[in-house]
Number of protein chains: 2
Amino acid sequence: MTAGQETAPRRRDAAKTRLQLLEVARCRFARQGYATTTVRDIADDAGVNVALISRYFESKEGLFKACLDTAFTEIRKDADQVTPGNIAAVMARKLIGAEDSPRRQEGLLLLLRTSGDERVDEMRRDVLRAVSERLARATGDPTALLRAEIVLSAMLGITMMRSSLRVQPLATATEEELLAPLSDLISGLLGPAR
Amino acid sequence: MTAGQETAPRRRDAAKTRLQLLEVARCRFARQGYATTTVRDIADDAGVNVALISRYFESKEGLFKACLDTAFTEIRKDADQVTPGNIAAVMARKLIGAEDSPRRQEGLLLLLRTSGDERVDEMRRDVLRAVSERLARATGDPTALLRAEIVLSAMLGITMMRSSLRVQPLATATEEELLAPLSDLISGLLGPAR
DNA sequence: AGCAGTAGTAAACGTGCATTGACTTGAACC
DNA sequence: GGTTCAAGTCAATGCACGTTTACTACTGCT
């Protein structure tokens with residue numbers, strides 16, 4: 001049964017291959033970082049020729065920036081869902097990655113990768129700052145920015161411990177296991193009664 | 001005043017230049033990561049020829065490993081000073097870096113840098129695991145390993161936010177400013193009353 | 001069917017890197 | 001003072017990478 005294994009609407013589709021490049025690049029950059037990921041790796045993962053990266057994204061750096069853009073919008077969207085009561089739950093979900101979006105924590109990991117471009121680093125700073133402010137505002141305490149940034153730091157650190165460093169038992173903890181500690185961390189830092 | 005600017009006991013001292021290489025390499029690796037640091041950079045910083053790196057440390061990877069070794073022993077030593085009551089204080093000090101050792105947080109940053117060598121990554125895991133166990137033990141709660149690892153994650157995340165990402169106000173917070181939030185974080189996660 | 005334009009490929013180019021081997025300079029010892 | 005060995009330099013090698021240029025082949029149009 002070689003019956004048209006994928007509906008095959010088009011065998012040559014620029015938009016589709018562009019998206020494919022973006023996806024596999026996100027995965028590589030998140031896992032390996034910018035410098036150690038080669039454009040040949042990415043092209044091979046996508047099953048296309050290397051030259052297409054330069055064509056669709058101008059350069060390796062441009063592709064990286066495009067990946068970061070997707071991560072930024074995802075993270076901003078998640079931050080907008082936060083209320084004073086559900087911070088820990090939203091974070092636990094983001095850290096583990098839900099079934100419907102299997103690589104959700106890729107976005108967090110991408111925040112930690114840098115290409116050396118100062119412009120891009122500034123965008124990263126802006127996003128982190130915006131999310132911190134959002135968190136601080138959710139607590140009702142307008143002076144809580146520093147504490148909110150520490151909560152975010154913990155998020156990023158947990159991401160590293162789970163994905164890159166793979167320290168057990170944190171690396172394989174489930175969302176439920178993570179929820180209680182996270183709640184305690186957050187109420188300890190942002191809670192009303194200290 | 002060209003009077004013997006440095007006691008000049010020896011103009012050619014293998015042990016001394018070896019140590020110098022180690023120091024500047026630590027700094028570069030911590031700030032830039034492994035892949036983006038070149039051996040020429042390191043040699044120039046130390047004021048010696050590139051070939052000496054291969055001679056004294058076998059390879060770039062060997063030099064990186066030597067840097068990590070120094071970071072590991074430092075971190076283990078710091079962890080041994082921890083008691084149930086002083087965790088936040090020790091961590092705040094480690095995060096900011098005291099006057100007597102101006103680049104103390106370099107060690108934490110090095111923990112986050114990887115060369116891709118699986119063997120080295122395992123050493124890293126071992127250190128983090130040992131410190132987590134030490135922390136968990138200090139709380140008197142034998143089941144607190146996961147929570148201790150989350151505390152450590154926060155440490156690493158804060159290090160990233162301060163050094164690489166430079167997110168304000170966390171990036172320039174003083175040790176005193178950091179102490180209270182850290183205490184709350186730790187008592188929230190590891191404290192007896194939850 | 002034939003044309004035109006775009007999606008995709010292949011190979012080469014130039015550069016920057018880590019590493020190596022032959023070489024030079026300095027210092028300790030007799 | 002001359003010899004010897006280690007400390008340090010210099011230049012070359014080879015490789016992997018990002019990018020570019022010239023090319024092929026597929027698709028839609030008339």
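Mentor: Keep in mind that this is a predicted model. Let's start with DNA strand C, which has 21 residues around it, and A:Ala14, A:Asn49, B:Arg11, B:Thr38 and B:Ser59 come nearest.

Trainee: Which elements give two or more residues to the surface near DNA strand C?
Mentor: From chain A they are helix 1 (14-32) and helix 3, and from chain B they are helix 2 (39-46), helix 3 and helix 4 (60-80). By class, that surface has eight nonpolar, five polar and eight charged residues.

Trainee: What makes a residue count as being near a strand?
Mentor: The cut-off is a C-beta atom within 6 Å of the strand. For DNA strand D, 20 residues lie around it, and A:Thr38, A:Ser59, B:Ala14, B:Asn49 and B:Ala51 come nearest. The residues near DNA strand D are seven nonpolar, five polar and eight charged.

Trainee: How do you know how chain B is related to chain A?
Mentor: Chain B is superposed on chain A by a rotation of 180° with 0.0 Å of shift along the axis, and the RMSD is 0.1 Å. The two copies are therefore related as by a two-fold rotation axis.

Trainee: Why can we say that the copies meet through the same surface?
Mentor: Because 97% of the interface residues of chain B are also interface residues in chain A. The contact takes 38 residues from chain B and 37 residues from chain A. On the chain B side, helix 7 (118-138), helix 8 (145-165) and helix 9 (175-190) each supply at least two residues, and helix 8 of chain B gives the largest share, 15 residues. That side has 20 nonpolar, nine polar and nine charged residues.

Trainee: Why is A:Leu111 called buried?
Mentor: The cut-off for buried is 20 or more other C-beta atoms within 10 Å. A:Leu111 has 23, so it is buried. A:Leu111 lies in helix 6 (residues 106-111) of chain A. Leaving out residues up to four places away in sequence, A:Leu111 touches A:Ala71, A:Arg124 and A:Leu156. A:Leu111 and A:Ala30 are 81 residues apart in sequence, yet 8.5 Å apart in space, C-alpha to C-alpha.

Trainee: How many residues does the largest nonpolar core have?
Mentor: It has 100 residues, and A:Val151, A:Met155, B:Val151 and B:Met155 have the most contacts inside it. Take B:Val151: beyond its neighbours within four places in sequence, it is in contact with B:Leu135, B:Ile186, B:Leu189 and B:Leu190. In soluble globular proteins, nonpolar side chains tend to be buried together.

Trainee: How do you know that the span of helix 9 of chain B is close to the expected one?
Mentor: Helix 9 of chain B has 16 residues and reaches 21 Å from first C-alpha to last, against 22 Å expected at 1.5 Å a residue. Its buried residues include B:Leu178, B:Pro181 and B:Asp184. The buried residues of that helix pack against helix 8 (145-165) and helix 9 (175-190) of chain A, as well as helix 5 (87-96) and helix 8 of chain B.

Trainee: What makes up the pattern of chain A?
Mentor: Chain A reads α-α-α-α-α-α-α-α-α along the sequence, with nine helices and zero strands.

Methods. Residues numbered from 1 in each chain as written. Chains lettered and ligands numbered in written order. Predicted model: local features only at pLDDT ≥ 70, side-chain atom pairs only at ≥ 80, totals over all residues. Least-squares fit on C-alpha atoms with pLDDT ≥ 70 in both. Contact = placed C-beta atoms within 7 Å. Helix = DSSP H or I, 4+ residues; strand = E, 2+ residues; numbered from the N terminus. Nonpolar A, V, L, I, M, F, W, Y, C, P; charged D, E, K, R; others polar. Core = buried A, V, L, I, M, F, W, Y, C linked by C-beta atoms within 7 Å. Buried ≥ 20, exposed ≤ 12 C-beta atoms within 10 Å, placed from the backbone. Expected span 1.5 Å × (residues − 1).
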